[in-house]
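I opened this entry to keep a record of what I looked up in the model. The notes follow the order in which I checked things.

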Amino acid sequence: MPAKRKAEGRNLSTPAAHRRGGLRPIEQGDWNMAYLFPEEIAEARAATGLVILPIAPIEWHGPHLAMGCDNLLAHAFARELARQLRCPYYPPLFIGTEREREPRLLKSIGFKGDEFIEGMDFPGNSVGSAYYREEVFAAVVRDTLNILFERMGFSRILIINGHGALNQKEVLTRLCSEYNAGMKRGKRVIWVYPGFPAALLGTGIGHADASEASLLSASFPECVDLSRLPGAGRLKNTRFGVVDGKTFDGSPTRHHTVRDKDDPRKHTDADLGKQYLARAVKEALRQVKKSLLPK
Ligand SMILES: [Zn+2]
């Protein structure tokens, strides 16, 4: 059937015509590397040398937030920064690490203090978090940096770290200083938090509280369901795995419950989350221009 073959041939030479799925992610401002053709990656690399790497684990975030929360926030932040910087971002790396909590912090949260509890994996949770051992986490991040620098040829990396564990931050800071050693002008790699403006970071960040729920509902509203928390009564830290920033800083409430102003049921606000995100994007762009891409 020559007529049909001819028609098919014409379709193949007209890219838009044989596409069934609508716009490509890049055409909608999403620079996720997984959806880019090699020439597109090479062109972007030639323009800035920059690539973004979002990192965070699957982790318990109370019954009301999806377990990907930290990574979803890192993903949304990476997507927005990549769009503005016109550079690719690596597909979100679902990895993170944690350590056993110190007795003082356990007591602040409402435990006895002698339990062995890692991160947010409280004994009453129905599902555990995907915490990798610290040395595994460090090795995977190191290998990913090597892939992006050596194999893929990028010269600058912005890590978006969605998980606030102390040892996770320490590993990233250590790797950054190692990779930046000897750099005279501009660093090779830095890491930032996703969506939390500096003002918020200064006051100590809570876990699965109103701020985090606001940020998540700004980018992934379908991943927040407040009706999964009890309708009334204070939220006990130990029972729900929701903890406010002050408690993490060592000042719990009398009954070890989430403070009213941090209660996600009362103060989750997607518009506020969007404002946080916009401010944090501006701050991160400033940091990238100052530290990674100095003129
Ligand atoms: Zn989180």
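What is the mean pLDDT of the protein chain, and what share of its residues reach 70 or more? The mean is 93, and 94% of the residues reach 70 or more; pLDDT is the predictor's confidence in each residue, from 0 to 100. Over residues 1-14 the pLDDT is below 50, and I found three contacts for this stretch beyond near neighbours in sequence. Two residues are in contact if their C-beta atoms, placed from the backbone, lie within 7 Å. Where pLDDT is low, the predicted coordinates should not be read in detail.

Ground rules. I number residues from 1 along each chain as its sequence is written. The model is predicted, and I take local features only at pLDDT of at least 70 and side-chain atom pairs only at pLDDT 80 or more, while totals for chains, interfaces and linings use all residues.

Overall. I note 12 helices and three strands in the protein chain. Helices (H or I, at least four residues) and strands (E, at least two) are DSSP runs, numbered from the N terminus. The C-alpha atoms fill a box of roughly 80 × 50 × 30 Å along the principal axes. Of the 295 residues, 38% count as buried; a residue is buried if 20 or more other C-beta atoms lie within 10 Å of its own, exposed if 12 or fewer, and partly exposed in between, with C-beta atoms placed from the backbone. Among contacts between residues at least 6 apart in sequence, 75% join residues at least 24 apart.

Sheet. I read the strand order of the open sheet as β1-β2-β3, with parallel pairing. Strands β1 and β3 (189-192) stand at the edges with a single partner strand each, so one side of each has no neighbour in the sheet. From one strand to the next the twist averages 20 degrees. Two strands pair if DSSP finds at least two bridges between them. I find six bridges from β1 to β2 (residues 156-161) and four from β2 to β3. Val51 stands opposite Ile157 in β2, and Trp191 in β3 is the bridge partner of Ile159.

Strand β1. In β1 (residues 50-55), six of six residues are buried. In a regular strand the side chains alternate between the two faces of the sheet. I see Leu50, Ile52 and Pro54 pointing one way from β1 and Val51, Leu53 and Ile55 the other.

Ile159. This residue lies in strand β2. Why do I list Ile159 as buried? Ile159 has 22 other C-beta atoms within 10 Å, so it counts as buried. Leaving out residues up to four places away in sequence, Ile159 touches Leu53, Ile55, Leu172, Val189 and Trp191.

Helices on the sheet. Helix α3 (residues 69-85) lies across β1 and β2, at about 165 degrees to β1. Helix α5 (residues 134-151) packs on the sheet and touches β1, β2 and β3; its direction makes about 160 degrees with that of β1. Axes are lines fitted to C-alpha atoms, for helices over the stretch in contact, and angles run from 0 to 180 degrees between N-to-C directions. In α3, 15 of 17 residues are buried.

α5 and α6. I have the axes of α5 and α6 (residues 166-180) coming within 10 Å and crossing at roughly 35 degrees. Residues of α5 including Phe137, Val141 and Leu145 meet residues of α6, among them Val171, Leu172 and Leu175.

Helix α12. With 23 residues, α12 (residues 270-292) reaches 31 Å from its first C-alpha to its last, close to the 33 Å expected at 1.5 Å a residue. The expected span is 1.5 Å times one less than the number of residues. Gly273, Tyr276, Leu277, Ala280, Ala284, Val288 and Leu292 are its buried residues. These buried residues pack against β1, α3, β2, β3, α7 (198-202) and α8 (210-219).

Positive phi. Arg86 is not a glycine but has a positive phi of about 55 degrees, and its place is in the loop between α3 and α4 (103-109). Arg86 counts as partly exposed because it has 13 C-beta neighbours inside 10 Å. Ala208, in the loop between α7 and α8, has a positive phi of about 60 degrees, also without being a glycine. With 27 C-beta neighbours inside 10 Å, Ala208 counts as buried.
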